[in-house]
Amino acid sequence: MTIDRETVVILDFGSQTAQLIARRVRECQVYSELLPADAPPEDVQALNPAGFILSGGPASVYEPGAPTLPDYVLASGKPVLGICYGMQLLTHHLGGEVAPAERREYGLAELHVDKLDALFRNLPDALTVWMSHGDRIEQPPAGFRVLAHTDNSPIAAMGDPGRRLYGIQFHPEVVHTPRGCDLIRNFLHDACGLRGAWTPGAFIEESVAAVRRQVGDGQVALGLSGGVDSSVTAALVHRAVGDQLTCIFVDHGLLRAGEADQVIDTFRRNMGLRLVFVDATDEFLGALRGVSDPEKKRQVIGERFVRIFEREARKLGQIDFLAQGTIYPDVIESAARDRPHAKRIKTHHNVGGLPEDMDFELVEPLRYLFKDEVRNIGLELGLPAEIVRRQPFPGPGLAVRILGEVTRKRLETLRAADAIVCTEISAADPKHHVWQYFAALPLVRSVGVMGDGRSYGHLIAVRAVTSQDGMTADWARLSDEVLTRISTRIVNEVPGVNRVVYDITSKPPATIEWE
């Protein structure tokens, strides 16, 4: 079965916000994929793109060795939107002039629209936009007209409507450009002629067909953690292949309080999936003994998972495929093999942490979805709200919330503190405004006074963030009352803890998890 999917390809020239372009296109209900600018042409053409967006980047187009515009982009005759470096690249390639600006432009700017054009349809004549560039367009290519300017950029937007080629110097993908999504929508609908039909239902239909084609008559094992990603993957793969799927739930001893019982109850008793439960606590803690480096932890846990799956699969008979809840932020942050030029932020155990000599072929139907898209798919599949709205939880579990070696005692301390954090914030946030919240154990000890005596106890760090997709995040402004209850309960109820701190760092520069 072939699905007629509208697709826009975003070519990444090294921008720090390229993934946000993909996210904004998805918000317009158009499927997008982010590919490196030097991706093989056949990989790009296989997606049958209806248009291209060229990202920003740190280079200057006139410098030797700067990334160039692939020939297939203009040869395709498809619409193109160049953003920042992408605009300069279009200009340079088509014979215009790009030069260093007398004054660099970073931060908010006032954009004035000079020419009515479909790109600015239903937008005001003056817009607040976000700039981040040191070069500017001095002369547009032949056939282009100036559409907008700022005080520092006389050519802040340009277009050749006949060829459906556009360039903008500002960044519409960031939240600092309030109407940026509207501009992207205008490009998709008016320039590319797309309907915006990429919905959860369409994704499910396409993914079910793709999983059936990949799996055929084979047997699939799925590593079920009970988190949103693996749960939605289980429901999707089960819809595709039914009893060819066996879910393997491995309790690695790194779960939150009460989590194992909840997962078993939901999936075995309520959803009717074939579920094998494995208590591998001793095995994982043994493998993690003496390991304190966070990347090494992820690699150890990822390999243990696969080896246990292989062992359990042999008990089940022939298992050909391993299904995983890998999502797009995992791929982006891990700089996986399909993003060879990306910088690795951290290895996700189900992406960069997998061993090379696996016995399985991977099935990853959510690989190109953002977290909020995964939740929408879960609701469309009929998963219970308590699963779909569940707190994000890393595959390595509490191991990456203990900053150092993982021991049973440290797990007990963190698990108890984390349960308090989750209980108090959940009760105070019934509408799920807070994206994620948890406790971390930094292995820092501090002096305190408890019971009129000196104490030398552990510190617990509380992390709570707001976000749309997990790629960027801001610290949640919890009330004084909530923070007071959390602190009071932890120091009174968790043995060995005498200090609680609240993390007020955004992402970036920090990641959401501490490791």
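Modeller: Five strands make up an open sheet, ordered S12-S11-S10-S13-S14, with parallel pairing. Strands here are DSSP runs of E of at least two residues, helices are runs of H or I of at least four, and both are numbered from the N terminus. This is a predicted model, in which local features need pLDDT of at least 70 and side-chain atom pairs pLDDT 80 or more, while totals for chains, interfaces and linings use all residues. Residues are numbered from 1 along each chain as its sequence is written, and side-chain values use heavy atoms, with hydrogens and water left out.

Biologist: Why is helix H7 (residues 228-241) called oblique to helix H12 (residues 371-381)?

Modeller: Their axes come within 10 Å and cross at roughly 45°. Therefore H7 is oblique to H12: angles under 35 degrees count as roughly parallel, over 145 as roughly antiparallel, 65 to 115 as roughly perpendicular, and the rest as oblique. The axes are lines fitted to C-alpha atoms, for helices over the stretch in contact, and angles run from 0 to 180 degrees between N-to-C directions.

Biologist: Which residues of H7 and H12 meet?

Modeller: Among them are Val232 and Leu236 in H7, and Val374 and Ile377 in H12. The contact residues divide into seven nonpolar, one polar and four charged. Ala, Val, Leu, Ile, Met, Phe, Trp, Tyr, Cys and Pro count as nonpolar, Asp, Glu, Lys and Arg as charged, and the others, Gly among them, as polar.

Biologist: What makes the pair Arg26 and Glu373 a salt bridge?

Modeller: A salt bridge needs a side-chain nitrogen of Lys or Arg within 4 Å of a carboxyl oxygen of Asp or Glu. For Arg26 and Glu373 the N to O value is 2.8 Å, and the pair is a salt bridge. Arg26 lies in helix H1 (residues 18-27) and Glu373 in helix H12, 347 residues apart.

Terms used. Contact means heavy atoms within 4.5 Å. Two strands pair if DSSP finds at least two bridges between them.
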